Amino acid sequence: MIGDLFRHNKYMAVVWLLLRLYLGITWLTLGIGKITGGFNAEGFLSNAVANPVMREGSAVYPNYVAFLENFVLPYADVINVIIPLGEVLVGLGLIVGVLTSFAAFFAIVMNMSFLMAGTVSTNPWMIALTFFLLVAGANAGRLGGDRWVLPYIKEKLGLRYPAVVSR
């Protein structure tokens, strides 16, 4: 019942639009700020490796720390481009409602990455709000570009995509 409300109700689509706009503007603002402000993640990443999230004397996410140390830090120059670009693309996807579920998924991936690196900030709040967009599925982008983009993709790929039902 709540799934139908979230995924098919046209009035909930308005709620998802407002949530998308709030989250999208937040991501877009953060991304543009990093692009124009000379963003460099190397200090943050080095600190995440040197001071990992700890519990009772041991690292909570040892595999993530190893990933940061052995893969991300050596390619910090690439990461300095990927993070702001990802934030801008997620923001734009949410604002215009195109590939909304993908944008929401990658928003959660980025927020979880920041959390596992030890930054709390607004990340838990953004994850919780974005989760609702994922649950809403296609209805989250109903009042956006997904209304046209998803059927087009379905047609071009020959996939069966469930239609958004007006209720």
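These legends describe close-up views of a predicted model. Local features need pLDDT of at least 70, side-chain atom pairs count only at pLDDT 80 or more, and totals for chains, interfaces and linings use all residues. Residues are numbered from 1 along each chain as its sequence is written, and side-chain values use heavy atoms, with hydrogens and water left out.

**View 1. F6 and W16 form an aromatic pair.** Seven aromatic pairs turn up in a search of the whole structure. Rings of Phe, Tyr and Trp (its six-membered ring) pair if their centres lie within 6.5 Å; planes under 30 degrees apart are stacked, over 60 edge-to-face, and the rest tilted. The F6–W16 pair is edge-to-face, at 5.2 Å centre to centre and 85 degrees between the planes. F6 sits in helix α1 (residues 2-8) and W16 in helix α2 (residues 10-36), so the pair ties together parts 10 residues apart in sequence. Helices are DSSP runs (H or I, at least four residues), numbered from the N terminus. F6 is buried at 13% relative accessible area. W16 is buried too, at 3%. Buried means under 20%, exposed over 50%, partly exposed in between (1.4 Å probe, protein chains only).

**View 2. F105 and F106 form an edge-to-face pair.** Their ring centres are 5.0 Å apart and their planes stand at 80 degrees. F105 is partly exposed, at 41% relative accessibility. F106 is partly exposed, at 45%.

**View 3. Y64, F67, F71 and Y75 form one aromatic cluster.**

**View 4. The largest nonpolar core has 30 residues.** Such a core is a set of buried Ala, Val, Leu, Ile, Met, Phe, Trp, Tyr and Cys residues joined through side-chain atoms within 4.5 Å. W16, L23, W27, L45, L68, L94 and L133 have the most contacts inside this core. Helices α2, α3, α4, α5, α6 and α7 each supply at least two of its residues.

**View 5. W27 has contacts beyond its sequence neighbours.** Contact means heavy atoms within 4.5 Å. Neighbours within four places in sequence are left aside. The partners of W27 include E87, V88, L94, M110, F114 and M126.

**View 6. I83, E87, M110, S113 and F114 lie nearest the centre of the largest pocket.** In all, 36 residues line this pocket. By class, 26 are nonpolar, eight polar and two charged. Nonpolar covers Ala, Val, Leu, Ile, Met, Phe, Trp, Tyr, Cys and Pro; charged covers Asp, Glu, Lys and Arg; the others, Gly among them, are polar. A pocket is an open set of points on a 1 Å grid over the protein atoms alone, where a 1.4 Å probe fits, with protein on both sides within 12 Å along at least five of seven lines; lining residues have an atom within 4 Å of a point.
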